[in-house]
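This briefing is meant to be read beside the sequence and the coordinates.

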Amino acid sequence: VHGSVCHARALGMAAKTYNFKSITVVPAAKEFIDIVLSKTQRKTPTVVHAGYDITRIRNFYTRKVKFTQQTYHDRLTMILTEFPKLDEVHPFYADLMNVLYDRDHYKLALSQLSTARHLVDSIAKDYVRLLKYGDSLYRCKQLKRAALGRLCTVMKRQQSSLAYLEQVRQHLARLPSIDPNTRTIILCGFPNVGKSSFVNKVTRADVEVQPYAFTTKSLFVGHTDYKYLRWQVIDTPGILDHPLEERNTIEMQSITAMAHLRAAILYIMDPSEQCGYSFVAQLSLFESIRPLFANKPLVIALNKMDVAGRESLSAEHQAKLSKLETEGVTIMDMSTLTEINVDEVRNTACEKLLSQRIDIKMKGKKVQDVLHRLHVAVPQPRDSKPRPAFIPGSDAAEKPAKSLRELEVEQGDDFYLDLQAHWKLKNSEWKSDIIPEIMDGKNIADFIDPEIMARLEALEAEEEAREAAGEYDEDVDDDGTRALRQKAAEVRAKKKIRAVENRLKKSKSNMPLPRKAMAQIAARAEAREAGGDDEDDYEDVESGEDDGMEVDGEDRGRVRTRSRSRSASAGPDRKRARSTSAGPDGRSQSRSRIDLSLSTDAAKAKAKRMSHVAQRPANQFGRAGESDRHIHMTKPRHLFSGKRKSGTHDRR
């Protein structure tokens with residue numbers, strides 16, 4: 001009955017996966033209390049005065065008691081939820097946890113935390129009821145202190161349970177990820193017979209191998225591929241031949257895996273007896289644990305055949321092995337040291353398990369539902385006349401040859417581009433011949449085309465005829481063509497001017513100009529394009545001779561005039577000096593110190609080059625000059641915001 005119940009539980013959890021590494025850390029009792037009380041201090045109001053209304057004071061302390069109770073409740077609920085329940089997990093994991101951690105102790109620790117959660121809720125409920133009758137700030141504060149003190153006392157009593165569960169969590173996180181429902185091969189046998197060496201050979205696992213017994217003290221899992229399927233190979237600790245009650249925790253892990261996992265059993269034996277146990281003891285162990293192999297594919301591997309094979313055994317031992325073969329047990333020789341027959345043993349175990357899984361599925365109810373939907377029609381021949389398949393001409397035609405790109409993708413690094421494959425020669429075998437450079441004392445390149453000079457002369461004669469016919473002459477006398485070319489030249493010149501203006505405009509400040517100033521600049525540009533005397537126009541405007549000059553034709557009220565008295569007081573010399581030193585926007589321009597201090601052009605050019613070289617270090621850092629020391633952000637917000645206690649952060 002117990003076996004059927006376990007099998008039913010296993011089937012019910014077939015689709016469930018276990019991830020024990022995601023269980024949250026269980027804090028110690030003191031840390032638990034500090035976490036909850038500090039969170040209460042941070043998440044609830046901290047200021048209350050005796051002058052407040054009594055209802056407000058009661059709500060203030062009631063909120064603290066309720067928040068502490070809820071935090072305790074949530075943390076304990078998370079622990080109880082994340083730890084696996086032995087009645088809900090796969091029987092393999094349930095028995096493995098019983099072997100490793102003691103089922104009763106584990107259940108008792110979880111039940112104590114559940115009781116503590118219930119006590120926390122009841123204590124908080126009682127003190128919230130008492131706080132409703134608090135008549136002063138002092139009385140409410142004392143009730144709050146008593147409530148939080150009793151809650152912390154409850155958690156202090158759970159010190160041993162919390163410490164035990166933290167150890168269980170750490171050990172669960174170190175357990176290998178074993179899927180109880182996938183294709184599995186379990187290795188078993190005496191210590192030091194070569195189980196770990198076999199796992200290292202057929203999988204990507206790296207299990208420790210040493211020349212002494214009980215090197216493997218827990219379950220190790222490796223994965224291998226067979227027929228494009230993923231298989232897990234479990235290396236179990238060695239088992240000794242004594243009663244079940246006398247087996248220790250290390251051996252019971254192997255017994256648990258063989259009892260609950262539906263897998264192929266690979267029992268490894270050492271005929272050379274280098275493991276330290278006789279061949280008779282190994283056969284006796286096989287017979288004692290054989291009930292665990294019921295309804296499981298079984299393969300016996302005689303390891304270390306490079307030292308002593310099956311033929312080196314005595315007649316009595318060979319007779320026992322022959323008797324096992326008659327009972328349906330497969331016996332194979334192998335050597336993990338020389339890797340002889342290692343893959344064959346692995347393939348045999350996988351094939352036997354795969355056949356058994358298919359047979360079990362064929363006996364189930366789901367297969368019949370699928371088979372009822374399928375029907376394979378096999379026509380019966382009505383006579384002996386052959387009727388081959390008919391393929392239309394379009395389908396029977398040869399497929400087009402693959403392109404060079406398709407061949408390159410298909411062959412990869414093995415692709416070779418043969419440039420001579422497409423040569424058209426009288427004999428296709430000539431394509432692979434090596435072309436000599438010198439033949440009969442002459443250069444082959446000179447005789448590639450014997451009529452090349454005649455063709456060159458014909459080409460030159462054709463060009464001379466075209467020139468004589470005027471095919472290359474330009475019709476420059478055409479008025480339309482001349483006007484078009486002149487217009488194109490003007491467009492190109494205009495483009496160059498616009499490009500220079502845009503470059504200058506970008507180099508200046510990006511400060512937007514007023515609409516009036518933009519109109520003045522546009523008017524001057526139009527005057528410059530018209531070819532007028534810009535300097536004289538500027539002088540007239542500055543002197544006020546044309547007081548009514550329109551800046552914008554649409555807005556005749558906006559004019560720029562100068563004071564008559566100012567223009568009259570300014571002499572002609574001053575006016576001329578102002579106009580010559582004025583820039584394009586009407587403002588005076590300052591001359592460079594290099595131009596003022598140096599006289600020759602060569603010295604000026606050398607000074608400018610030296611200034612550019614001196615400016616390079618500043619330009620590398622994107623600075624305007626030596627005085628550019630701008631600090632963009634003096635106090636980053638993520639370092640100076642939030643409520644912090646002194647002495648907890650030293651990164652500032």
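Of the contacts in the protein chain between residues at least 6 apart in sequence, 67% join residues at least 24 apart, a contact being heavy atoms within 4.5 Å. The protein chain has 652 residues, of which 29% are buried, where buried means under 20% relative accessible area, exposed over 50%, and partly exposed in between, with a 1.4 Å probe and protein chains only. It holds 24 helices and eight strands, which are DSSP runs numbered from the N terminus (H or I and at least four residues for helices, E and at least two for strands). The model is predicted, and local features need pLDDT of at least 70 and side-chain atom pairs pLDDT 80 or more, while totals for chains, interfaces and linings use all residues. Residues are numbered from 1 along each chain as its sequence is written, and side-chain values use heavy atoms, with hydrogens and water left out.

**The six-stranded sheet**

- Six strands form an open sheet with mixed pairing, in the order β2-β3-β1-β4-β5-β6, and two strands are taken to pair if DSSP finds at least two bridges between them.
- Because β2 (220-226) and β6 (330-333) stand at the edges with a single partner strand each, one side of each has no neighbour in the sheet.
- From one strand to the next the twist averages 25°, with axes taken as lines fitted to C-alpha atoms and angles running from 0 to 180 degrees between N-to-C directions.
- Strands β4 (residues 264-269) and β5 (residues 298-302) run parallel and are joined by five bridges, and L266 stands opposite V299 in β5.

**Helix α8**

- Six of the eight residues of helix α8 (residues 195-202) are buried, so that the helix is mostly covered; these are K195, S196, S197, F198, V199 and V202.
- The buried residues of α8 pack against β1 (184-188), β2, β3 (229-235) and β4, and also against α12 (342-363).

**The cavity**

- A search of the whole structure finds one cavity of 30 Å³ or more, a cavity being a set of points on a 1 Å grid over the protein atoms alone where a 1.4 Å probe fits but cannot get out, with lining residues having an atom within 4 Å of a point.
- The largest cavity holds about 30 Å³ of space, the volume being that filled by probe spheres set on grid points joined across faces, edges and corners.
- Its lining consists of T24, V25, P27, F32, R75, M78 and I79, and helix α3 (residues 54-82) gives the most to this lining, with three residues.
- The lining of the largest cavity divides into five nonpolar residues, one polar and one charged.

**Residues in loops**

- Most residues other than glycine have a negative phi.
- Y228, which is not a glycine, has a positive phi of about 60°; Y228 is in the loop between β2 and β3 and counts as exposed at 86% relative accessibility.
- N295, also not a glycine, has a positive phi of about 60°; N295 is in the loop between α10 (279-288) and β5 and counts as exposed at 71% relative accessibility.
- T46 lies in the loop between α2 (29-43) and α3, and its relative accessibility of 45% makes T46 partly exposed.
- Apart from its neighbours within four places in sequence, T46 is in contact with Q41 and F60; the C-alpha atoms of T46 and F60, which are 14 residues apart along the chain, are separated by 8.8 Å.

Technical notes
1 Å grid on protein atoms, 1.4 Å probe; cavity = no way out; pocket = protein on both sides within 12 Å on 5 of 7 lines; lining within 4 Å. Nonpolar A, V, L, I, M, F, W, Y, C, P; charged D, E, K, R; others polar.
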